[in-house]
Each structure stands twice: as C-alpha cells, then as structure tokens.
Amino acid sequence: MSIVSEPLKNAMVASLLVPFLLATAPQAAPRTAVPDEAAPTLLVHAQRLIVRPGEELENVSLLVQDGRILAIGKDLEAPSGARTLESQVVCAGFIDPWSTLAVEEESVGDQRADAGTRTVDALDPFEAAPSLEEALRGGVTSARVQAATQAQIGGMGALIRTHGGSAIQDIACVSATVGVTRSGRTVDLFDRVGEVERLQTSLSKAVRYDEERREYRFAIEEWEQAIAKQVEKLEKDFKKAKKDRDKAKADAEEKDKEHKEEKYKEDKKPSPPKFDAEAEVLARVVRGELPLIVEAHRYEELRALLSRTKEFPLLRLVIAGATEAAPLANELANRNVAVIVWPSPLGDVRPDEWDAHRLDLAAHLARGGVDVLIGSGGNPDARDLRMLASTAVGHGLDQQRALAAITELPARILNAKGRLGVVARGAEADLVLLDGDPIDTTARVRYVIARGRVVVEP
C-alpha cells in the first residue's frame with residue numbers, strides 16, 4: 001500500500017496554491033529542452049547573484065562550460081558560440097531532501113526492505129517524466145528519494161537529478177522509520193518505543209561487526225608480516241639448510257633408514273568474519289560516512305531516539321517529520337541533529353502522526369539553533385518545494401534560512417557540499433533564473449539550468 005498523498009484536490013489547499021501557480025507559470029507553458037551530446041557554453045548575467053544564503057554579488061556574470069561553473073566575475077566575455085542569458089536573480093537549483101519522485105509506486109510502500117535495499121533499483125524515470133518536468137519548472141534540480149517509506153529500515157536512498165531522473169549518488173543516506181502508519185495500521189505507543197530499541201540493536205550489531213572486520217584486518221596484517229619474516233629467514237638460511245638436509249639424507253642412507261623431509265609449517269591464516277550485507281551498510285552509518293534519516297513524529301519516540309543514539313558519537317542523525325519536536329529543540333541543536341520538515345496544510349488531514357502538525361515548526365526549531373531542511377513530505381510532488389519554503393517564511397522562518405533549507409543544507413547533509421546547493425566556481429551548473437526573490441512566490445521562474453543545459457525556458 002502506498003503512503004504517497006493524493007494530488008492536491010481539496011478547495012482549501014487549492015486556494016493557497018492558485019496565487020503561487022499564477023505567479024510562477026508563464027503565459028505559455030515552459031518547454032523542457034532536449035539535451036545535446038555535450039553541454040553548451042553559457043554566459044549568465046545576473047543583477048543579483050545569490051552565491052549561498054547570506055552571500056550575494058551584484059551585476060556579475062557566470063561562465064558555464066562542460067556542465068560546471070567555470071568562472072564568476074564582472075568583466076567576463078562570452079566565448080565564441082556561447083549563449084547569453086540575462087536575469088534579475090540567479091541562485092542554486094533547489095534540492096528536495098524528502099521525496100519519492102521517480103520511485104515506482106509499488107516500491108514506495110514496500111515494507112520488506114532492509115539496510116541493503118537500494119532505492120536506485122526502484123527508479124522509473126520514464127513513467128515519472130511528467131512529474132520530473134513539473135519539478136524542473138519549479139526550480140527543483142535534484143531530490144533525495146527513498147523507496148520502502150513504510151519499512152522500519154528502508155535502505156539506501158538516492159540523490160537524483162530531476163532532468164532525466166538519473167542518480168547523482170546512488171547511496172545518499174540510509175533511512176528508517178519509527179512509529180509511522182504501517183499498511184494502514186496505527187502503531188501503538190509501546191511498539192513505537194520498541195521500534196527505537198530495535199533500531200538501536202541494529203546499529204549496535206553494526207558496531208560489533210565493524211570491530212570484527214577491523215580486528216580481522218589487523219590480524220591479516222600481522223599474519224602477512226610474520227610470513228614475510230619467515231620467508232626472509234628461510235632465504236637467508238637456505239644454503240645452511242640445504243647442507244644440513246643433504247647430510248641428514250646421507251646419514252639415513254648409510255644407516256639404511258628412511259629419510260623424512262621436515263615439512264615447513266606456516267602460521268594458520270586468520271578467518272574473516274561472516275559477511276553481513278546489512279551490517280556492512282549500517283557500519284558506514286555508525287562511522288558517520290552516511291547520514292541516517294529517520295522519519296519519526298511523536299514526542300515519545302523522538303525522545304527515545306535521541307536517548308538511544310547517544311552511544312554512537314559519529315552518527316549523523318537526521319529526523320524527517322519531527323511533528324512534536326518543538327520541546328526538544330535545544331537537545332536537537334546540541335546533538336547537531338538536523339530536521340526535515342514539511343510545512344504544508346495537508347499535514348492537518350493526514351492520520352495519526354500528523355495530528356499535532358504545526359506550520360511554524362521550522363521557525364521554532366531554527367530559533368533553537370537546529371539545522372532545518374524543507375522537503376515535500378515523502379511525496380512525488382517536488383514542484384511545490386518553493387511554495388513550502390514560502391509557507392515556512394510566512395509562519396516565522398527567516399528568509400535566508402528558508403533558502404538554505406532547500407539548497408545549501410540538503411547538499412551538505414547528503415554529501416554533496418560544494419557540488420550542489422551553491423553558485424561557486426567548480427560547482428555543478430544547476431541554476432534557477434528568476435525575476436524576483438527565490439522565496440517570493442510571486443517571482444517567476446524564467447529559466448532553469450541543469451548541469452549546464454537550459455532545460456526550462458519561456
């Protein structure tokens with residue numbers, strides 16, 4: 001059973017979306033360009049360039065070649081054959097950190113996943129092409145997508161491009177859930193806390209597995225060193241050993257006895273621990289190589305989750321949803337736990353875990369020092385990401401923090417820092433060109449550039 005929300009149909013939500021859609025849609029529907037074999041050279045002039053939230057430049061140009069930003073400056077000239085674009089505002093392409101965009105519907109609701117399950121194997125960009133195009137029109141150039149959104153451990157999420165639906169990183173994170181509705185069944189309080197304990201057990205098992213693998217590597221190194229020393233000694237004593245052997249053989253023949261060759265005994269090679277695919281992935285999580293994104297909503301499981309993950313000091317915990325997290329803001333900030341919120345009026349009509357939904361959660365957590373990301377709530381409707389950020393601003397979130405929540409912060413959390421989410425030399429040329437502020441929903445998206453290609457234009 002899928003937990004993906006139905007399209008926005010009720011009148012209240014539609015009334016909220018109409019101004020946004022009217023403001024952002026051009027008179028003629030934007031078209032998605034067909035990419036060439038190689039990305040063209042572009043020169044983009046910006047009256048206002050948002051390098052990253054809080055850092056801006058005025059009246060500058062960007063030179064884009066081979067899908068990356070080659071240079072930024074005031075006096076750049078267009079190379080021969082380059083296309084020139086003009087825009088009032090240029091910023092990095094938006095990143096949706098909580099989406100099921102391009103994941104086949106059957107896989108979204110699959111509960112049989114484990115830590116080794118790969119979302120990239122469930123991508124269906126051909127079927128999802130209309131949704132991918134809609135996301136691009138909204139300025140969303142990449143998204144973190146997840147299969148098995150109802151499974152306790154949903155496996156490895158993927159960071160994908162909305163232009164074509166291909167993977168940027170096929171392993172962007174590992175996801176889990178605590179206390180979410182499963183196959184239409186509400187999880188009771190005791191099971192919620194029990195699921196946190198089971199998650200802790202899985203992580204502890206991964207720690208032990210990682211220690212066994214590390215001990216095995218040390219044992220192999222010691223064994224190889226011991227073998228090398230023995231070989232060196234044998235080579236050094238070879239002539240003497242051969243002379244002693246010949247003498248012993250001659251003595252045996254003289255006494256009419258059988259000569260028994262002395263056999264070389266090698267130290268036994270250490271045996272490796274049994275391979276465990278799930279523990280192998282979770283070991284990367286406890287080492288801090290991959291973030292662990294856990295969807296959880298109620299206060300009880302949020303508190304239990306924070307308590308039971310303290311023993312993993314390198315764990316990069318990210319909580320998706322966090323509906324009742326307001327009282328835990330200080331602890332979340334002190335533990336450097338990021339939170340992905342979904343500031344949508346639809347939260348009020350979803351069952352169980354959303355009954356305490358509040359649109360000012362992003363602002364409250366941010367004031368407490370929490371890194372807040374904004375996502376589309378595990379839906380395939382990434383096109384509404386900018387509207388969601390605007391909604392959060394309307395309920396108290398600082399405008400720069402809102403922009404960071406859909407650009408720089410998701411890139412950092414998903415191990416794409418410096419590559420996505422910023423407009424800087426060497427970064428991928430994922431850009432949004434607007435006629436106003438990115439978070440102002442009356443500002444129109446004029447062009448979208450993905451990896452140096454103009455993929456949306458009037």
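**Close-up 1. Ala102 sits in the loop between β6 (94–99) and α2 (105–108).** This is a predicted model, and here the backbone does something worth a look: phi of Ala102 is near 75°, a positive value in a residue that isn't glycine. Most residues other than glycine have a negative phi. Is Ala102 buried or exposed? Its relative accessibility is 5%, so Ala102 counts as buried, the cut-off being under 20%.

**Close-up 2. Asn415 is another non-glycine residue with a positive phi, near 65°.** Look for Asn415 in the loop that runs between α12 (408–413) and β14 (431–434). With a relative accessible area of 36%, Asn415 falls between the 20% and 50% cut-offs, so it's partly exposed.

**Close-up 3. The largest nonpolar core has 104 residues.** Which members touch the most other members? They are Leu203, Leu292, Leu317, Ile319, Leu332, Leu365 and Ile374. In soluble globular proteins, nonpolar side chains tend to be buried together.

**Close-up 4. Zooming in on Ile374, one of the core residues that touch the most other members.** Leaving out residues up to four places away in sequence, Ile374 touches Ile95, Pro97, Ile340, Val341, Pro343, Leu385, Leu388, Ala389, Ala392, Leu397, Ala405 and Ile406. Two prolines, Pro97 and Pro343, are on that contact list.

Key
Residues numbered from 1 in each chain as written. Predicted model: local features only at pLDDT ≥ 70, side-chain atom pairs only at ≥ 80, totals over all residues. Heavy atoms only, no water. Core = buried A, V, L, I, M, F, W, Y, C linked by side-chain atoms within 4.5 Å. Buried < 20%, exposed > 50% of the residue type's maximum accessible area, 1.4 Å probe, protein only. Contact = heavy atoms within 4.5 Å. Helix = DSSP H or I, 4+ residues; strand = E, 2+ residues; numbered from the N terminus.
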